[in-house]
Amino acid sequence: MKKVFTIVLLVLFVLSASFANGAKESGDQKVIRVCQFKVEIADDLLKLAEEYEELTGIKVEVESLSSSNYQTVLRSKQAAGELPDIFNNEGYNQLSEWVEYLEDLSGESWVKDMAPSTVGGASIGGKIYALPLYLEGYGFCYNKDMFEKAGITELPKTLSELEEVCIKLEEAGFVPFGLPFGGNYNPGTFQFNVAIAHQPDVDGFIADACAGRADFVNNEIMQGWVDLLDLCLRHCLGNPLELVFSGQMSTFALGEVAMTLANNGSWLSFIGMNEDIDAGYLVVPINDDPEFNDVLYAGPSTYWVVNKNSPVKEEAKDFLEWLVTSDRGRYYLTDVFGFVPGLTSIEIAEDADPLSKAVSDAVIQGRALGWEWPKYPSGAQFACGDAMIEYAAGRLDRTQLLEKLENIFIEYSKTK
């Protein structure tokens with residue numbers, strides 16, 4: 001009886017060990033775990049995963065998280081030994097932070113097709129560690145119907161013109177802006193990037209800021225950016241400190257506000273709530289020079305990387321290869337997800353949504369400034385967002401805001 005009991009325990013131990021080895025393997029089926037923060041494509045990405053499993057027999061498990069807490073969750077997974085097989089990385093400094101866990105992808109077939117603007121954020125020491133799955137861009141999304149009803153026939157290209165547009169909208173009974181200051185991601189990422197991306201030498205400015213050599217208070221571009229921030233706060237919906245990302249999407253999609261600052265990936269959220277919405281992009285003016293302001297902001301908003309310690313890393317690389325080279329994978333990227341491709345070998349969908357089309361046009365025409373926050377010291381973009389929230393709440397004046405932003409770069413570079 002004792003011998004039988006010992007055998008039973010041994011069998012149970014073997015079974016439990018097999019179970020513990022995956023999520024990565026279930027019986028003979030291999031499983032690729034993907035963790036990503038683009039929640040707008042979460043449902044469609046699950047459909048893509050189902051198709052891939054039917055085609056290859058390999059299961060793709062997808063976990064979609066909010067971008068605001070993505071890095072915190074990812075670090076927790078890494079600490080627990082549960083780092084996904086494929087996950088998001090924003091490149092540059094963030095790539096350096098994670099490179100010890102990343103597979104070298106230099107030998108993949110798609111590397112030769114990377115858009116030139118994507119290479120810098122994906123490479124370290126001449127090696128490519130990340131796939132630029134898509135480019136994204138942003139500006140002020142505006143509701144065309146509300147503009148028409150307010151009698152606005154010319155889109156604003158200067159700060160003064162934007163103020164006039166806000167007044168016309170309010171006179172027509174509309175709220176101009178929805179500002180999501182209920183979290184630090186949008187302010188510290190998209191809004192503050194406007195001030196950084198317009199600097200004549202962005203990389204030099206960031207380096208000077210980290211070394212304590214930059215003067216934010218007396219920087220003309222920084223001052224213009226705060227002028228824009230003040231304008232938006234004067235003409236926004238309710239208390240901006242109470243508006244979070246989901247509220248930002250719904251208030252714009254449902255016509256509660258006429259404008260909001262959002263990237264082209266938001267289109268899926270907008271039409272999901274209002275399939276009849278008619279929207280486009282405005283520039284984000286910070287002064288009264290129309291040529292200076294005539295840009296959108298575009299770049300590889302995120303890369304996909306492969307965990308080099310994954311037992312299914314070869315399968316993970318095969319999945320990425322299929323995604324960017326097969327007709328079906330490309331169909332999902334362009335026609336379903338609405339991506340502006342990060343590879344020159346993939347064309348934007350013919351019936352691309354108006355926001356993605358505007359971003360693609362801006363990139364092609366050379367009217368796009370960069371997404372610069374991945375170059376900040378780790379954590380600085382969120383600290384900048386917190387400082388902007390303090391300003392919106394009235395706890396900082398203009399000079400204090402710019403001094404605090406300046407000090408954030410200094411302090412966070414010390415802990416890099």
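Residues are called buried when their relative accessible area is under 20%, exposed when it is over 50%, and partly exposed in between, with a 1.4 Å probe and protein chains only. The model is predicted, so local features need pLDDT of at least 70 and side-chain atom pairs count only at pLDDT 80 or more, while totals for chains, interfaces and linings use all residues. Numbering runs from 1 along each chain as its sequence is written, and side-chain values use heavy atoms, leaving out hydrogens and water.

Helices are DSSP runs of H or I with at least four residues and strands are runs of E with at least two, numbered from the N terminus. H2 spans residues 42-56, and its 15 residues reach 21 Å from first to last C-alpha, close to the 21 Å expected at 1.5 Å a residue (1.5 Å times one less than the number of residues). Ala42, Leu45, Leu48, Ala49 and Tyr52 of H2 are buried. They lie on the same side of H2 because they cover an arc of only 110° around the axis, taken from the directions from the helix axis to the C-beta atoms. Asp43 and Glu54, both exposed, sit on the face of H2 turned away from its buried side. Among the elements covering the buried residues of H2 are strand E3 (59-64), strand E10 (296-306) and helix H14 (313-325). After H2 comes Gly57, with a positive phi near 80°.

Turning to the cysteines, zero disulfides (pairs of cysteine sulfur atoms within 2.5 Å) are found in the whole structure. Cys232 is in none, its nearest cysteine sulfur being that of Cys166, 7.0 Å away. Cys232 is buried at 5% relative accessibility, and Cys35 is buried at 1%.

Definitions and conventions
Contact = heavy atoms within 4.5 Å.
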